[in-house]
Amino acid sequence: MERDIDTGSAHSARIYDYIIGGTDHYPADREAGDAMVREWPALPVHMRANRDFMNRAVRHLAEEAGTRQFLDIGSGIPTSPNIHEIAQSVSPDSRVVYVDNDPLVLRLSRGLLNSTPEGRTSYVEADMREPAAILEAPELRATLDPTRPVALLVIAIVHFMTDEDDAVGIVRRLLDPLPSGSHLAMSIGTAEFAPDEVGRVAREYAARGMPMRLRTRAEAEEFFTGLELVEPGVVQVHKWRPDGTGTEVVRDEDVAMYGVVARKP
């Protein structure tokens, strides 16, 4: 049974969609997004840089690492190019599982399921805080081969998990069952480059029931203990293997996210 969408409260995925120029949001999301951009006018630049990082990471994993299986946690509202579109443009037999707990994403998930005939995509409605439910979902088991490497993508989500949630432990529980040669790609919110501005945005989120946990570089590195960092390691998202395709100049103080890709030995 499809859950009702709470259109009266702002939701992080819909705020993100609104700020990057999407069309799937409601007045509460637009009000929140406008308030946040007033506090930090660079927020749209920051969010686009995060999206571009994800796209580059997926292309790297598909082209250079030979990854053919992707597990995207907190996939959010479909925005082309989606992960399967990038991966399947490299190898049409790529398989992708999208995971989210927002009923609007479920409603729009048709945009995530237009796979090539050779590949496969599926959608799991689940909360990241319940990793066992994700890993045991029939949709995941029918899509991914557990004996082959998987790219686990956790993009722009752990800053919405408080210390009580144990984000590092949850990511580890998702990664542990994956075989050697799998990868973990993450973007992790930080206030180290624009502390005042990002702090004000965080307060706007918290005022709407979305407390944030922003991390230092050292705290971001905790997610990758025992993994092999892919060059250039832990850097701001716009500095992770830039490909020159961006049309805007991105300053360090306009980005509040670390981007990392690491390989499981």
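This is a predicted model: local features need pLDDT of at least 70, side-chain atom pairs count only at pLDDT 80 or more; totals for chains, interfaces and linings use all residues.
Student: What is the volume of the largest cavity?

Tutor: A search of the whole structure, counting cavities of 30 Å³ or more, finds 1 cavity. The volume of the largest cavity is about 50 Å³.

Student: Are helix α2 and helix α9 roughly parallel or roughly antiparallel?

Tutor: Two packed helices are described by the angle between their axes and the distance between the axes. Helix α2, residues 27–39, packs with helix α9, residues 195–207, at an angle of about 160°, and their axes are 8 Å apart. An angle over 145 degrees counts as roughly antiparallel, which means that the relation of α2 to α9 is roughly antiparallel.

Student: Which residues of α9 are met by α2, and what classes of residue make up that contact?

Tutor: The crossing in which α2 passes α9 is right-handed. On the α2 side the contact uses A35, M36 and E39, and on the α9 side these meet E197, R200, V201, E204 and Y205. By class, the contact of α2 with α9 holds no polar residues, but 4 nonpolar and 4 charged ones.

Student: How are α1 and α2 oriented to each other, roughly parallel or roughly perpendicular?

Tutor: Helix α1, residues 12–19, packs with α2 at an angle of about 65°, with 9 Å between their axes. Angles of 65 to 115 degrees count as roughly perpendicular, and the orientation of α1 and α2 is therefore roughly perpendicular.

Student: In the contact of α1 with α2, how many residues are nonpolar, polar and charged?

Tutor: α1 passes α2 in a right-handed crossing. From α1 the contact takes R14, I15, Y18 and I19, and from α2 it takes D29, R30, A32, G33, D34, M36 and V37. These residues divide into 6 nonpolar, 1 polar and 4 charged.

Student: Where is P232 found?

Tutor: E231 and P232 are joined by a cis peptide bond, with omega about 15°. P232 is found in the loop between β6 (228–229) and β7 (235–236).

Student: What is the phi of A156, and what is the phi of D166?

Tutor: A156 has its place in the loop between β4 (151–155) and α8 (167–175), and D166 lies in the loop between β4 and α8. Although A156 is not a glycine, its phi is positive, at about 55°. D166 is not a glycine either, and has a positive phi of about 60°.

Conventions: Residues are numbered from 1 along each chain as its sequence is written. Side-chain values use heavy atoms; hydrogens and water are left out. On a 1 Å grid over the protein atoms alone, a cavity is a set of points where a 1.4 Å probe fits but cannot get out, and a pocket is an open set with protein on both sides within 12 Å along at least five of seven lines; lining residues have an atom within 4 Å of a point. Grid points are joined across faces, edges and corners, and a volume is the space filled by probe spheres set on the points. Axes are lines fitted to C-alpha atoms, for helices over the stretch in contact, and angles run from 0 to 180 degrees between N-to-C directions. Helices (H or I, at least four residues) and strands (E, at least two) are DSSP runs, numbered from the N terminus. Angles under 35 degrees count as roughly parallel, over 145 as roughly antiparallel, 65 to 115 as roughly perpendicular and the rest as oblique. A crossing is left-handed if the near helix is turned anticlockwise from the far one by less than a right angle, and right-handed if clockwise. Contact means heavy atoms within 4.5 Å. Ala, Val, Leu, Ile, Met, Phe, Trp, Tyr, Cys and Pro count as nonpolar, Asp, Glu, Lys and Arg as charged, and the others, Gly among them, as polar.
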